[in-house]
Amino acid sequence: MRHHQAHSRNLETVTLDSLAEWNANLHGELDTMWLLIGMLLVFLMQTGFAMLEVGSVDVKNTRNILLKNVLDASIGAIIWWLLGFGFAMGDAPSRFIGGSNFGLMAEDFEDGSGYAYGSWLFQWAFAATTA
């Protein structure tokens, strides 16, 4: 009997508000997960394009093609962080080109769910793959 009473005190009372909050948190986390899965799939296209390019050239040029693809993604990440994300996703009164979010810092991604970081990675994967 004593064990049952101690166990029931540890259980949290489930209310409609607590379920709504849990559902909202879950929704944000699932959105972030899908962004990251999408980012991974798009970035894996980069490796597919690299293999296509390697298959189209002589063996002696394989190393150059693979290095080009690595540098594409690396330099693309720096340029996307510094300029691209701000132009594409920044706030803009004219709605043509963004004027904020250049050179984002860690505090710019602190939204609690990781969605902002996932969005940045997702957009970068497209920018790097299309380059």
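With that, I get 23% of the 131 residues in the chain as buried. I keep in mind that this is a predicted model.

**Entry 1, overall layout.** I looked up the secondary structure and found four helices and zero strands. Reading along the sequence gives me the pattern α-α-α-α. I also checked contacts with a separation of 6 or more: 48% of them join residues 24 or more positions apart.

I took helix H2 (residues 16–55) and helix H4 (residues 115–130) as a pair. Their axes come within 8 Å, and the crossing is roughly 20°. My cut-off for roughly parallel is under 35 degrees, so H2 counts as roughly parallel to H4. The handedness of this crossing came out as left-handed.

Which residues meet here? On the H2 side I listed, among them, Asp 31, Thr 32, Leu 35, Met 39, Phe 43 and Phe 49. The H4 side includes Tyr 115, Leu 121, Phe 122, Trp 124 and Phe 126. Sorting the contact residues of H2 with H4 by class, I get 14 nonpolar, six polar and one charged.

Is Thr 32 buried or exposed? Its relative accessibility is 8%, so I log Thr 32 as buried.

Next I paired H2 with helix H3 (residues 62–89). The angle is about 160° and the axes are 9 Å apart. Anything over 145 degrees is roughly antiparallel, so that is how I file H2 and H3. H2 passes H3 in a right-handed crossing.

From H2, the residues I noted are Phe 43, Gln 46, Ala 50, Met 51, Glu 53 and Val 54. They meet Thr 62, Ile 65, Leu 66, Lys 68, Asn 69, Asp 72 and Ala 73 in H3. By class, the contact of H2 with H3 has seven nonpolar, three polar and three charged residues.

I went on to Asn 69, which is found in H3. At 8% relative accessibility, I put Asn 69 down as buried. What does Asn 69 contact once its neighbours within four places in sequence are left aside? I found Gln 46, Ala 50 and Glu 53. I also looked at the Asn 69 side chain, where a polar atom lies 2.8 Å from the backbone oxygen of Ile 65.

My last pair was H3 and H4, with axes that come within 9 Å and cross at roughly 115°. H3 passes H4 in a right-handed crossing. The H3 side of the contact is Ala 73, Gly 76, Ala 77, Trp 80, Trp 81, Phe 85 and Met 89. On H4 I have Trp 120, Gln 123, Trp 124, Ala 127 and Ala 128. The class count for H3 with H4 is 10 nonpolar, two polar and no charged residues.

Technical notes: Residues numbered from 1 in each chain as written. Predicted model: local features only at pLDDT ≥ 70, side-chain atom pairs only at ≥ 80, totals over all residues. Heavy atoms only, no water. Axes fitted to C-alpha atoms, helices over the stretch in contact; angles between N-to-C directions. Helix = DSSP H or I, 4+ residues; strand = E, 2+ residues; numbered from the N terminus. Parallel < 35°, antiparallel > 145°, perpendicular 65-115°, else oblique. Left-handed = near helix turned anticlockwise from the far one by under 90°. Contact = heavy atoms within 4.5 Å. Nonpolar A, V, L, I, M, F, W, Y, C, P; charged D, E, K, R; others polar. Buried < 20%, exposed > 50% of the residue type's maximum accessible area, 1.4 Å probe, protein only. Polar contact = N/O pair within 3.5 Å; in protein donor to acceptor, adjacent residues only side chain to side chain.
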